[in-house]
Amino acid sequence: MSQPSAPAANKTIFWGCFIALITTSFAFFTRMYLCDVRFGTDFGLDKVAIGSLKGAGVWPFAISIILFSLVIDKIGYRVAMLFSFVCYVVYLVLACLAYAAIQGVSGADVAAAQQRGHSLLYWGSIILALGNGTVEAFINPVVANMFSREKTKWLNILHAAWPGGLVIAGIMTIALADTAANGDWRIVLGIIALPAVIYLAMLVTAKFPVSETEQAGVSYRDMLAEFGGFGALVGFGLIFMQLGEVFSWPLQVTGALTLLVTLGFTAYTRSVGRGILAFLIIIMMPLATTEIGTDGWISGLMEEPMKEAGFNAGWVLIYTSAIMMVLRFFAGPIVHKLSPIGLLILSCVLAVAGLLALSQTGSSVLAVIFAAATLYGFGKTFFWPTMLGITAEQCPKGGAVTLNAISGIGMIAVGVLGFPYIGFLQERTASTELAAGSQEIAAEVLVEKQYLGVPYNAIDPKKAGSIEADGAAEALLAASKAGQFDALAKMAAFPGFMLVCYVILAFYFQSRGGYTAVHLTAEEDRTHPSHQEPGGLDRDVTADETIADGAVGPTA
């Protein structure tokens with residue numbers, strides 16, 4: 001059934017949400033770019049520390065999106081929107097202070113200034129991520145509620161804003177490349193103010209829609225029951241793991257807090273969660289690392305081959321993002337043709353091929369690099385919004401809780417595990433390569449560190465910058481390059497795992513007659529003609545029915 005034409009007010013709200021999501025991608029691109037080209041040098045950070053800084057701009061997303069999803073129906077979408085805008089303002093203030101901390105400092109004061117500036121930037125990144133998470137906390141349920149009969153289609157169109165913002169921010173950042181590389185990088189970070197002010201103006205007086213769950217009379221407990229104990233275990237376990245790293249509390253505290261929340265959540269909801277949602281949560285963690293994690297590192301990974309070709313490395317991310325933007329606008333016909341699960345299976349195949357192809361482009365010409373990037377771009381396009389669509393269509397009683405929680409879990413997984421893990425892969429290969437080819441240089445620049453309790457050697461950027469031995473620059477460059485491209489190849493394991501999971505889901509739905517979207521409606525609306533979908537592709541349930549995995553029935 002075609003989606004009814006949206007009234008003018010709904011169109012304004014949709015495009016306001018669209019621009020709000022563009023703001024998050026502006027924030028993402030500018031930070032990630034500067035992490036690769038400036039922050040390591042300015043603040044004396046190795047790749048794992050840079051990975052942690054990148055992660056600080058991602059993992060708090062989960063805290064805000066999950067916490068706001070628990071209360072957003074009570075406080076309203078406008079409050080969440082205003083909170084996100086305030087976060088952007090605070091972030092820009094802290095980033096400016098971080099820049100000022102390292103200006104005009106020399107000699108013995110440099111290390112302390114770098115540490116102070118890094119701390120300001122780290123906490124600013126955390127606040128930025130809270131704002132980004134809050135944006136998703138309100139835009140996803142708003143659009144799902146406005147277009148409740150075609151959620152996957154419209155969530156894909158909404159999330160065209162993410163790659164669209166990457167394209168616009170990327171072009172603006174590259175236009176400011178000299179400023180980013182050598183000058184005042186506050187100008188680069190400051191471009192996020194442009195879309196932020198626009199979405200604030202569009203949405204501050206908007207009349208947001210009533211949630212689907214509220215219209216259907218779903219209780220708060222029933223909403224949380226969809227997420228259940230398993231969701232709480234994974235979601236809050238990752239949150240406490242990251243907070244433990246930030247506040248340096250022992251692993252036992254993380255375990256105790258996770259257990260306490262999980263037991264409390266399970267006792268309150270009397271549910272371990274929907275089986276299909278638990279499976280989607282498992283998939284979402286490698287999915288987020290495949291898309292967001294790779295996007296976060298791609299400019300740095302492709303820097304050398306792009307330099308050799310005479311271009312800025314950021315063009316790879318801009319190019320793949322442009323592919324995503326265009327394809328997501330045409331998601332409706334593609335989803336109708338393949339089904340959401342079929343689309344994700346194809347996406348995994350292309351993503352694996354794309355990452356493996358990119359890993360072989362270390363010394364390739366420009367055309368080969370972009371051919372491999374095309375494969376990767378096609379592969380990653382539909383991952384995130386289609387997973388949100390499946391979650392919304394299979395777990396409608398969860399409302400904003402399930403829709404936002406799965407995004408939050410994906411983002412915190414890539415922040416806590418994904419970004420540092422990619423940095424770890426690069427450092428481990430680079431240090432091994434350096435030690436094998438130049439033992440004397442390795443002895444001078446390698447330092448021992450740990451990642452999740454696993455010891456590894458890393459190239460210290462300060463020592464690497466000051467070493468004057470013959471052939472040192474060439475050896476360090478070769479080692480870094482080997483680490484970067486080896487990491488790309490190993491990351492193909494993530495979409496490979498997802499492929500297996502989606503094939504399992506395909507057989508699951510096939511055993512039940514094919515993929516079927518579940519719509520939540522009030523009892524009196526069930527026989528209304530507008531709820532009768534052709535071809536048996538949809539089914540309606542009411543608030544007093546359970547939605548079992550594969551069956552609909554009355555609540556016990």
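When I say contact today, I mean heavy atoms within 4.5 Å. Hi everyone! This is a predicted model, where local features need pLDDT of at least 70 and side-chain atom pairs count only at 80 or more, while totals for chains, interfaces and linings use all residues. Residues are numbered from 1 along each chain as its sequence is written, and side-chain values use heavy atoms, leaving out hydrogens and water.

Let's start with S64, which sits in helix α3, residues 60-75. Helices here are DSSP runs of H or I with at least four residues, strands are E runs of at least two, and both are numbered from the N terminus. What does S64 touch, leaving aside residues up to four places away in sequence? The answer is A129, L130, G133 and T134. S64 is also buried, at 4% relative accessible area; buried means under 20%, with a 1.4 Å probe and protein chains only.

Now for a partner of α3. Its axis and that of helix α21, residues 399-437, come within 8 Å and cross at roughly 170 degrees. Axes are lines fitted to C-alpha atoms, for helices over the stretch in contact, with angles from 0 to 180 degrees between N-to-C directions. The two helices are therefore roughly antiparallel, a label for angles over 145 degrees. Among the residues making this contact are F61 and I65 of α3, and V401 and M411 of α21.

Finally, confidence: pLDDT is the predictor's confidence in each residue, from 0 to 100. The chain's mean is 84.

Technical notes
Buried < 20%, exposed > 50% of the residue type's maximum accessible area, 1.4 Å probe, protein only. Parallel < 35°, antiparallel > 145°, perpendicular 65-115°, else oblique.
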